[in-house]
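This briefing is organised by topic for use beside the sequence and the coordinates. Please keep both in view while reading.

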There are 2 protein chains.
Amino acid sequence: MDYTSQAETVVTNDIMTPAVIIDTHIVQKNIEKLQSHCDQHGILLRPHIKTHKLPSMAQRQISAGAIGITCQKIGEAETMAKADIKDILITYNIIGAQKLHRLEKLAQRCSLSVVADNAYVVDGLAKTFTKAEYPLEVLIECDTGANRCGVQSAEEALDLGRLIHNASGLTLGGLMTYPPMGDQSQVNNWLKRAKDLLIENGLPCPKISNGGTPNMWRSQDVSVATEHRSGTYIYNDRSLVQAGLCRIEDCALSVLATVVSRPTDDRAVIDAGSKMLTSDLLGMEGFGLIKEAQDAKIASLSEEHGILDLSNSKWSPKVGDQIHIIPNHACVVSNMVDYVYLLDGHHLEKTAVSARGLVT
Amino acid sequence: MDYTSQAETVVTNDIMTPAVIIDTHIVQKNIEKLQSHCDQHGILLRPHIKTHKLPSMAQRQISAGAIGITCQKIGEAETMAKADIKDILITYNIIGAQKLHRLEKLAQRCSLSVVADNAYVVDGLAKTFTKAEYPLEVLIECDTGANRCGVQSAEEALDLGRLIHNASGLTLGGLMTYPPMGDQSQVNNWLKRAKDLLIENGLPCPKISNGGTPNMWRSQDVSVATEHRSGTYIYNDRSLVQAGLCRIEDCALSVLATVVSRPTDDRAVIDAGSKMLTSDLLGMEGFGLIKEAQDAKIASLSEEHGILDLSNSKWSPKVGDQIHIIPNHACVVSNMVDYVYLLDGHHLEKTAVSARGLVT
């Protein structure tokens, strides 16, 4: 497969920092744990690859039992299809002649579905696929309370469903949502009402795709859903530790950084800034968790520096010391680096993040 | 030069969004304006390339009169040296055998200086350059109040200066600071005292390098400085408009995005999220300024979606409409994309951001 040629074995532990290290043993446990949860509840799992952006990780997820994958951009899906991933859902409204052309080509090499929440998008898809060999499966994106994209009511879902169902190049695949967090019964009611309305009106609704990592252990609460999309669970991160959904030792991705300055007793400066950890706070204090000293705070970031506040910590790192940071948000860190180091026991392998930075 | 081979002429305006567009006419005006200010006050200008990460932009800055450039990482400096940039200051504590080896190689192809704020860093540099053909110039990084890196007092500067001066492979270049914003007279006093102490003790202090874009029009207030490093001024951004340092029409970088969803009357969703605009708020509300409707708010971002709050705006964009966003912080946006579109009048050229993502 294409992606293996981008891998390079690292024969030394002398990694230049900052660097992203991914513990593949933890990855494997995380994959198996959610897969087993979904299997137990009869829910198909369709992992979102935005977290890892690596074909090898998608292959691991599929080997463990995932039905296929979720991508957010065509470029990500193209990269995954090249690596022989066969079943891809792009959960995005695709717009524009060039993107639609790419979508048509992509549909020839994998089993592809997309979503739509408005007639403009459906129209573009229909015109593109009307002469295609096979129709394109389209799911209706529903806003079940997260206030992002999506039709606003079951009635709107029905109108859009009719449009998709009647378009010659398209086939109606059902419903899709990224739900709000909190009580999931509302999400279930919303989707059940929309499904019922579609079926009452003679439209098909074979699939209902729900998503999210924060609610992954309650995915069964949306009992009408046929599949669940989770991304972050493969690596986990500080936001999920904070939410009580995993432990620190379940976090597979860490940033290796070096202390480059100790200007004062209560300040250390590391070589990981916003270009590595990003500015994502996700409602927390500080820009990550230092594994070596959880009471030290990553107080602020400039692009290439992280400023540690040690005033509440007895830890006193020296210049040259290496530290490990669990970032607030793992997915965005994967996007910052051209390559990561996969750690398999004591073996390190440098691997290109081949679906990184694909903005279209 | 290497970088021209990465450029590709775009013959159509049909750009896939999201995309970064850079107006080179505005760039040229911004370059000339700050150069003229520095010339007038007898200050050498050494632009920081972190904002553009493009050799062609560094060449423009040098052609306009800049003495050389500033980089933050060795990888950036390597990329710039390959494109024939001759005078490079890396304002970073360089640590580790592999990086020091790269530094030694780099010093053979350009006039290179670095900084240090502690003995550990000086020791590594000295060991590396003791057998080099030419000594490496090292400036003492001073914390004049920004609370990042830097020695804490003139006395500490003297101690470190002695160490550098006495090391066989190194030559003491003087002082360097990234100043706090606000009153610059304190910065001047700090640096003047350190300079005097070095000279009183028989040490050289030929260069004093000050920096910052927010204080660029007051660079002359630090009269002891011999040079000024600014980065963001070449593109400008919303944070500088907000601070009254430039006008919206002085912002050269904008993000072209497409409206992909209109779920409700007061909500639009665009295809630029945190993977394009980043989560940098820099103390402002919202994640950027929409040129088409400045009263519309980019209220929240997920990785691939921007959620616009239109409740205080009469603007009502349709799905498929393209909009232009001035980001809060231009430098971090350059780092998110593999290429940008340079707009020269009506001509667009797609160019690789060759110093993007170089974390080491």
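How many residues does helix H7 of chain B have, and how far does the helix reach from its first C-alpha to its last? Helix H7 of chain B (residues 185-200) has 16 residues and reaches 22 Å, close to the 22 Å expected at 1.5 Å a residue. The expected span is 1.5 Å times one less than the number of residues. The model is predicted: local features need pLDDT of at least 70, side-chain atom pairs count only at pLDDT 80 or more, and totals for chains, interfaces and linings use all residues. Residues are numbered from 1 along each chain as its sequence is written, and chains are lettered from A and ligands numbered from 1 in the order in which they are written.

**Helix H7 of chain B**

- Helices (H or I, at least four residues) and strands (E, at least two) are DSSP runs, numbered from the N terminus.
- Val187(B), Trp190(B), Leu191(B), Ala194(B) and Leu198(B) are buried in H7(B), where buried denotes 20 or more other C-beta atoms within 10 Å of the residue's own, exposed 12 or fewer, and partly exposed a count in between, with C-beta atoms placed from the backbone.
- Viewed down the axis of H7(B), these buried residues fall within an arc of 90°, so they line one face of the helix; the arc is that of the directions from the helix axis to the C-beta atoms.
- The face turned away from the buried side of H7(B) carries the exposed residues Ser185(B), Ile199(B) and Glu200(B).
- Strand E7 (136-142), helix H6 (154-166), strand E8 (170-177) and strand E9 (207-211) of chain B pack against the buried residues of H7(B).
- Gly202(B), which follows H7(B), has a positive phi, near 75°.

**Contact between the chains**

- Contact joins 52 residues of chain B to 51 residues of chain A, two residues being in contact if their C-beta atoms, placed from the backbone, lie within 7 Å.
- On the side of chain B that touches chain A, the largest share, 6 residues, comes from E11(B).
- By class, this side of chain B has 19 nonpolar, 20 polar and 13 charged residues; Ala, Val, Leu, Ile, Met, Phe, Trp, Tyr, Cys and Pro count as nonpolar, Asp, Glu, Lys and Arg as charged, and the others, Gly among them, as polar.

**Symmetry**

- Chain B is superposed on chain A by a rotation of 180° with 0.0 Å of shift along its axis (RMSD 0.0 Å), with least squares applied to the C-alpha atoms of residues with pLDDT of at least 70 in both copies.
- The two copies are therefore related as by a two-fold rotation axis.
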